[in-house]
Amino acid sequence: MSAAAPTHDHAHDHGHDHHELSFIKKYIWSTDHKVIGIQYAVSGLLFLLFGFFLMMLMRWSIAYPGQPIPGFGFVTSIPVIGDLFQEMIGRWAPGGVVNGELYNMLGAMHGTIMVFLGIVPLGFAGFVNFVMPLQIGTIDMAFPRLNMWSYWLFFVSGVMMFASFFLGTGSVQTGWTMYSPLASTTGLAVTNVWMHGHTWWLLAMVFNISASLLGSVNVITTVINLRAKGMTWMRLPFFCWAMFIVSFLLLLAFPPLEVAALLQLMDRVFGASFFLPTGLMEGGQHLDIAGGGSPLLYQHLFWFLAHPEVYVLILPAFAILTEVIPANTRRPLWGYKAMVYAALTLGFLSFLVWAHHMYLTGMGTMMSTYFQITTVLISVPSVILLTGLMISLWGGSIRFTPQMLFASAFLPMFGIGGLTGLPLAFTFIDLALHDTYYVIGHFHYVVAPGTIFGLFAGVYHWYPKATGRIMNDFLGKLHFWPSLLGMNMIFAPMFIQGMGGFHRRWYDGGKYFEQTSSASNWFTELNSGFFSLFGMDVPNNLLGLNVLMSVGAFVLAVGQVPFILNFFLSIKGGKKVESDNPWHATTLEWAAPTPPPHGNFDFEPVVVRGPYEYSVPGVDQDYFPQWESEPGKRAEPSAAPAPAVAAHH
């Protein structure tokens with residue numbers, strides 16, 4: 001039986017009462033993969049915006065310690081909104097001044113929200129739900145109700161994270177990593193340990209991880225079982241390969257963190273000692289605990305997830321670029337098979353490098369040598385992916401659409417992030433740079449102008465398929481250039497500060513660590529001279545770079561305004577697409593009607609060639625879609641055999 005057949009039966013099963021669905025069932029409690037993808041994507045974008053707001057507060061505190069947040073008095077005077085802001089932020093910022101407690105909350109929640117509630121829901125869940133079933137030619141995910149459950153578990157986790165700011169204790173203060181024993185013992189004297197920010201963080205993470213596990217099982221099953229006729233493994237778009245690999249990373253790496261969260265919850269709430277050693281003291285008193293636990297065990301469980309998680313963040317961006325770059329250069333993807341094998345190797349190696357985050361724990365030389373070797377090795381498949389995309393530009397007829405601008409900028413930005421990470425692979429360098437701004441700069445170059453630029457490219461690329469309208473080109477470019485400038489203003493100086501010894505957790509930006517912050521060099525002199533042109537007195541030392549980075553954050557914030565306007569105004573006011581395939585692309589999602597109806601396709605899709613047939617010699621048009629047996633003619637179901645894996649039950 002063909003792979004297409006069960007999908008059509010499936011459409012019949014849950015499409016019976018489609019036309020009678022109420023608004024709530026159609027758009028809120030939806031089981032349609034496209035609606036769930038849009039729910040995930042919009043939620044992810046909103047959480048990214050919230051996480052960005054937290055970062056802005058941190059950058060103000062770092063650049064101008066002891067000074068009130070601009071507009072603090074005005075915001076707190078607004079009815080309702082002012083009360084909420086006061087309850088969430090204001091009570092921790094007396095007179096509008098960020099103190100150490102609030103800074104710790106902002107730092108922990110910025111990291112948590114950006115990674116677990118922003119990039120993964122948008123980059124993985126949003127795009128994989130909307131695009132992947134269309135690209136493989138099926139009508140929905142394998143388990144539609146499980147898909148809905150996945151989104152709502154994620155939604156509950158996001159609401160709990162946000163609500164934790166309003167608890168009496170405030171939100172979590174022990175970093176996004178939540179290391180024990182600090183995270184297991186902080187604030188144990190509160191009257192109700194269940195109403196503590198740390199407890200809510202742990203419970204929210206259990207919901208979040210459960211959502212990811214449901215989603216990843218769904219993706220794996222769908223890709224294996226529901227591919228259209230002719231969609232063999234090596235005809236899968238690289239997008240589907242990358243998301244397939246990401247699903248395995250989530251499925252195998254997230255359970256250890258879920259276990260760690262539950263065990264730490266036991267330590268906090270029920271008096272267990274999984275991560276608490278004997279002899280701990282707090283406030284001059286021995287803690288009344290059994291002891292005998294291992295704080296290092298928590299770090300192993302956390303980083304066994306958190307390093308594969310880095311590739312969960314990166315691979316969706318690569319996946320999007322393999323669609324955007326060929327469509328905008330009118331050239332095939334260079335090295336498709338090499339990129340597929342590189343991504344598979346990347347996924348495997350990502351489970352073998354986690355302890356390079358733990359060199360400071362007193363690791364033996366034999367063990368640290370092993371992790372140094374695997375860390376250097378994992379850069380090889382990353383370079384293969386980057387090289388494939390860069391060579392795909394060579395000799396192309398490039399269209400500089402907004403998505404292509406973001407895709408082009410991703411390549412050097414991700415390159416900077418990767419290259420600056422290589423020194424950290426070596427123990428003797430990492431011992432000096434660990435927990436400094438150098439590490440922050442490295443990581444953020446990978447995930448901010450790297451991954452997030454890739455995600456923006458994806459939004460511009462598939463927006464017409466989701467809405468039937470194209471986002472405004474001018475506003476897209478107005479979004480790109482301040483974003484590129486702002487990102488580099490924020491993150492490039494971090495390498496200089498980090499090598500100068502600036503620690504990542506100084507809420508005053510190093511003001512009281514004068515031996516470190518008073519150092520100067522040619523870059524600080526240039527920075528001071530630049531601001532003097534505008535009448536600003538910025539010191540010629542490493543401390544002065546804080547002002548540059550905070551101005552960069554403001555530039556980045558202003559740059560997002562055109563995107564927000566463009567995103568919402570284009571739903572009704574954008575230019576209507578003139579065909580189902582406005583970019584003249586070759587993959588199967590562009591064969592579906594725009595926007596795709598319930599059931600996706602109005603014909604049975606059959607795949608007869610690979611996914612990146614651009615500028616094929618002897619073909620008049622510069623693209624040859626997967627579903628056409630000859631230009632302009634759809635392939636018939638008899639034209640291709642079903643994929644071997646999916647052909648029989």
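**View 1. Pro181 sits in the loop that joins H7 to helix H8 (182–185).** This is a predicted model, in which local features need pLDDT of at least 70 and side-chain atom pairs count only at pLDDT 80 or more, while totals for chains, interfaces and linings use all residues. Residues are numbered from 1 along each chain as its sequence is written, and side-chain values use heavy atoms, with hydrogens and water left out. Helices (H or I, at least four residues) and strands (E, at least two) are DSSP runs, numbered from the N terminus. The peptide bond from Ser180 to Pro181 is cis, and its omega is near 5°. A cis peptide bond also joins Thr594 and Pro595, with omega about -15°. Pro595 belongs to the loop between strand E4 (575–576) and strand E5 (628–630).

**View 2. Arg330 and Asn600 have positive phi values.** Most residues other than glycine have a negative phi, and most peptide bonds are trans. Arg330, in the loop between H11 and H12, is not a glycine but has a phi of about 60°. For Asn600, in the loop between E4 and E5, phi is near 75°. Buried means under 20% relative accessible area, exposed over 50%, and partly exposed in between (1.4 Å probe, protein chains only). Arg330 is buried because its relative accessible area is 4%. Asn600 has 0% relative accessibility and therefore counts as buried.

**View 3. Helix H7 covers residues 144–163.** H7 has 20 residues and spans 29 Å from its first C-alpha to its last, close to the expected 28 Å. The expected span is 1.5 Å times one less than the number of residues. Buried residues of H7 include Pro144, Asn147, Tyr151, Trp152, Phe154, Met160 and Met161.

**View 4. Helix H12 (residues 336–349) packs against several other helices.** The 14 residues of H12 reach 20 Å from first C-alpha to last, close to the 20 Å expected. Tyr336, Met339, Val340, Ala342, Ala343, Leu346, Gly347 and Leu349 are buried in H12. The partners of these buried residues are helix H10 (238–269), helix H11 (295–329), helix H13 (365–377) and helix H14 (379–392).

**View 5. Glu323 lies in helix H11.** With a relative accessible area of 5%, Glu323 is buried. Contact means heavy atoms within 4.5 Å. Apart from neighbours within four places in sequence, Glu323 is in contact with Gln135, Pro237, Phe238, Phe239, His461, Trp462, Thr587 and Tyr612. Lys337 is 14 residues from Glu323 along the chain, and their C-alpha atoms are separated by 15 Å.

**View 6. Phe124 is among the residues with the most contacts inside the largest nonpolar core.** A nonpolar core is a set of buried Ala, Val, Leu, Ile, Met, Phe, Trp, Tyr and Cys residues joined through side-chain atoms within 4.5 Å. The largest has 199 residues, and Phe127, Met132, Phe238, Phe239, Leu257 and Phe318 are also among those with the most contacts. Helix H6 (residues 100–136) supplies the largest share of this core, 23 residues. Beyond neighbours within four places in sequence, Phe124 is in contact with Ile119, Asn129, Val219, Met243, Val246, Ser247, Leu250 and Pro316.

**View 7. H6 crosses H10.** Two packed helices are described by the angle between their axes and the distance between the axes. Axes are lines fitted to C-alpha atoms, for helices over the stretch in contact, and angles run from 0 to 180 degrees between N-to-C directions. The H6 and H10 axes come within 10 Å and cross at roughly 135°. H6 is therefore oblique to H10. Angles under 35 degrees count as roughly parallel, over 145 as roughly antiparallel, 65 to 115 as roughly perpendicular and the rest as oblique. The crossing is left-handed, meaning that the near helix is turned anticlockwise from the far one by less than a right angle (clockwise is right-handed). Among the residues that meet here are Phe116, Phe124, Phe127 and Met132 in H6 and Phe239, Met243, Leu250 and Leu257 in H10.

**View 8. H3 packs against helix H21 (residues 545–573).** The angle is about 155° and the axes are 10 Å apart, so H3 and H21 are roughly antiparallel to each other. Their crossing is left-handed. Residues making the contact include Val42, Leu45, Phe52 and Trp60 of H3 and Val547, Met549, Phe554 and Phe567 of H21. Leu46, also in helix H3 (residues 33–63), is exposed, with a relative accessible area of 52%. Leu46 and Gly118 are 72 residues apart in sequence and 7.7 Å apart in space, C-alpha to C-alpha.
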